[in-house]
There are 2 protein chains.
Amino acid sequence: MNGPSLALRQRSLGDPSAEFPLFPPLTRGCPATSTDSLAYPLEITYDYAKVDRRLFAQEPGPDLARWSPLLPPLEAPTLGEGGTPLVEFGEVYVKDESRNPTWSHKDRLNRVAISAAVACGAPGVVVASSGNHGASAAAYAARAGLRAIVLASADSPLAVQAFVRAYGAKVVSVPVEARWPLLREVVDRLGYHPVSNQTVTHTGHPFGPEGYKTIAYELFLQLGEVPAAVFTPTGYAELLYGVWKGFVELRLLGLADRMPRMFSCETAAGGPHARALATGVPAAIVELGPTDAYGIAGTVGGHRGVVAVRDSGGEAVLVTDDELRRAQRDLARQGMWQELSGAAGVAGYRRLRRDFDGPVVCVATSSGFKDAGVGSERYPVVENPSLESLTA
Amino acid sequence: MNGPSLALRQRSLGDPSAEFPLFPPLTRGCPATSTDSLAYPLEITYDYAKVDRRLFAQEPGPDLARWSPLLPPLEAPTLGEGGTPLVEFGEVYVKDESRNPTWSHKDRLNRVAISAAVACGAPGVVVASSGNHGASAAAYAARAGLRAIVLASADSPLAVQAFVRAYGAKVVSVPVEARWPLLREVVDRLGYHPVSNQTVTHTGHPFGPEGYKTIAYELFLQLGEVPAAVFTPTGYAELLYGVWKGFVELRLLGLADRMPRMFSCETAAGGPHARALATGVPAAIVELGPTDAYGIAGTVGGHRGVVAVRDSGGEAVLVTDDELRRAQRDLARQGMWQELSGAAGVAGYRRLRRDFDGPVVCVATSSGFKDAGVGSERYPVVENPSLESLTA
């Protein structure tokens, strides 16, 4: 049942008739449809007719290898990613992705992307990241015996700097304008496999969202049905698109008869997918204002988010830092301490205030340990506390 | 199958003929056998004849409620604790408990202990803890709608201070000599349920280790057999004893025909269970030297650890901070960033260097985010890095 990969080809999101061999992964976007101002990502096609439906009689436990027929070849070893719990939170469900090997959703992407690096025979991987993605890529590279170079940002929270360095990668902070040329040089001259975006609008790694698909498979099994709506924290929309694609496949395989609406929850300080959808363009680039939600704060959007929202009948929702902080606080008051960015799904659901005809899932992406400001305040020291003061 | 609790009574570890009703939980040790210098803990008995063996045909997924017949009544709601992955690490397996709701094994204990507080109708819980236990108790109390008071240590790592506070508990740091009297006062005068030890040698909450039992159930299903040896990071030995008891039950239920040897992995700076075993006493109190492994560093041992090691034919293993750091580093170089204390199982296995006739499991208890020193060092900033410097 968990047999070899049935992945066939790379297919352009710019023109579905433009297909390419599965390898090498086209990490600079679709060569047929991209332009100087707009890059189209690729997705992976599979031989769906050969999928054994008993795949979906499995328990939704850890290790993406349980979905191997519907993923690109998994050449990198597992750290037990996925299989995360679905936890009730008021009238919605929270998919708690902080329960992954490096405590964020990124582990699903990196199991697949680092597998591509192994499959390509690359001596290492290179990533530009200030947090979860860099640490996750470093962990999976280490596990697979590959070197990793992380081009990081000097203003990352200090606990996150320790996190990214823990896995033995070469982590350096370079000036922001030097980061992308350097990444390209490491790829071109050292033959390292890139697991970061290299295009004008976001395309990222073509295999990455395939890892996120598994969230849809798990939700389908955990709920016993397709949810009515899914709200995801959205930076580049790889997660949003991946979850959407998983549900598309469940319908295509005849296992599900409906689809969720997909809601792209973006910081109000930026919001490139909201902009693209509002203006009717395939992908947008925006100015970025101040925000503490650094995990979803970017200027560059991609076409994947537009596809997922548009084709699912969803929306982009912009959330302020105050709304994020309230969602973060309320999640913690129910026992789930999420990174500020990780609470964007819940914040987006609350901002929209809409009734849905079925279960609603908010994906929560990452642990609260990763926020800016963590560790900036000490416990109050009380020499001789009264009992009254303890219950006040 | 996941029916009501079959828990019957509390039974003394000092004298198995001394039994007590299931409620109230005897949070100050066995009243029949404890003395001024030695306190005996209690364990829980069950109506094993009524256990449906199909319980062990389940998948070992999250939410302890799947084991409800073999646990005290679970009155507190779940956060999806347990169901953690078993990850290969060289010739051993690592049970990665950093994948729990608050990223440590303590969530298994607190699901059960906070349930006791709910069952008792307590208005809140009180805990003395500098880290994982306090945060976990606060998370489960918040989830159950109970207040929580955490009496903490001012020298906890700053990221851990943020963690413990995140769940809305009243967290105060009081002088160490004031902590225990204050805890007792909160219990006696406010009626709060204690989830910390209150006795001269450690007894803790009588329901706590029952939560840890589920690790044994999961290991049995994940391996398809009983491991030959289990190495656990050991402070008070509630984890060690709980895992041992789970395997005892599997044999008692006729599901397993052998038992693992249990290895208590303690800091060489202290090591009360190693001392008790070496000197043939039921529990010992030791001096504590300097160590960074604050999660397992204590002066006070308990009788549970002695029972688990002795009855299983195991040993206590003392590990130095250097050995812990090497284990921590090597785990991270395989993609698992553990707290220093959390690496004690692996460090203990390596120090012992023994061949076992079957699988060996090292329990890894907690995320690396919780260590002292996390966040003390910044990324190197390189203005113009050469490619050579990136691969050096």
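Predicted model: local features only at pLDDT ≥ 70, side-chain atom pairs only at ≥ 80, totals over all residues.
Residues are counted from 1 along each chain as its sequence is written, while chains are lettered from A and ligands numbered from 1 in the order in which they are written. Local features need pLDDT of at least 70, side-chain atom pairs count only at pLDDT 80 or more, and totals for chains, interfaces and linings use all residues; side-chain values use heavy atoms, with hydrogens and water left out.

**Figure 1. Chain A as a whole.** Chain A has 11 helices and 13 strands (DSSP runs numbered from the N terminus: helices are H or I with at least four residues, strands are E with at least two). Its radius of gyration is 20 Å, close to the 21 Å that the globule rule gives for 392 residues, so chain A is as compact as a globular protein of that length. That radius is taken over C-alpha atoms, and the rule is 2.2 Å times the number of residues to the power 0.38. Along its principal axes, the C-alpha trace of chain A spans about 70 × 50 × 40 Å. Of the 392 residues in chain A, 65% count as buried (buried is under 20% relative accessible area, exposed is over 50%, and partly exposed is in between, using a 1.4 Å probe and protein chains only).

**Figure 2. The span annotated in UniProt.** An unreviewed UniProt entry places "domain: Tryptophan synthase beta chain-like PALP" at residues 78-365 of chain A. UniProt positions follow the numbering used here, feature names are shortened, and annotations may be inferred rather than shown by experiment. The span is 42% helix and 17% strand, and its end C-alpha atoms lie 19 Å apart.

**Figure 3. Where the two chains meet, with B:Arg99 by the axis.** Chain B is superposed on chain A by a rotation of 180° with 0.0 Å of shift along its axis (RMSD 0.0 Å). That is the relation of a two-fold axis. In chain B, the C-alpha nearest this axis belongs to B:Arg99, at 2.5 Å. Is B:Arg99 buried or exposed? At 3% relative accessibility, B:Arg99 counts as buried. B:Arg99 sits in the loop between β5 (92-96) and α1 (106-119) of chain B. Beyond its neighbours within four places in sequence, its contacts (heavy atoms within 4.5 Å) include A:Arg99, A:Asn100, A:Pro101 and B:Thr84.

**Figure 4. The nonpolar core and B:Trp337.** The largest nonpolar core has 211 residues. Such a core is a set of buried Ala, Val, Leu, Ile, Met, Phe, Trp, Tyr and Cys residues joined through side-chain atoms within 4.5 Å. The residues with the most contacts inside it are A:Phe231, A:Trp337, B:Phe231 and B:Trp337. Not counting residues up to four places away in sequence, B:Trp337 touches residues of chain A, including A:Trp103 and A:Phe163, and residues of chain B, including B:Phe369 and B:Val374. In soluble globular proteins, nonpolar side chains tend to be buried together.

**Figure 5. Two serines of chain A.** A:Ser341 lies in the loop between α9 (321-332) and α10 (344-352) and is buried, with a relative accessible area of 4%. Its side chain reaches the backbone oxygen of A:Ala293 at 3.4 Å and the backbone nitrogen of A:Gly295 at 3.0 Å. A:Ser376, in the loop between β13 (360-364) and α11 (387-391), counts as exposed at 61% relative accessibility. A polar atom of the A:Ser376 side chain lies 2.7 Å from the backbone oxygen of A:Gly373.

**Figure 6. Backbone spots to look for.** Most residues other than glycine have a negative phi, and most peptide bonds are trans. A cis peptide bond joins A:Phe23 and A:Pro24, with omega about -5°. A:Pro24 is in the loop between β2 (19-21) and β3 (42-46) of chain A. A:Ala237 has a positive phi near 75°, and this residue is buried, with a relative accessible area of 3%. B:Asp63 has a positive phi of about 85° and counts as partly exposed at 22% relative accessibility.

Conventions: Least-squares fit on C-alpha atoms with pLDDT ≥ 70 in both. Polar contact = N/O pair within 3.5 Å; in protein donor to acceptor, adjacent residues only side chain to side chain.
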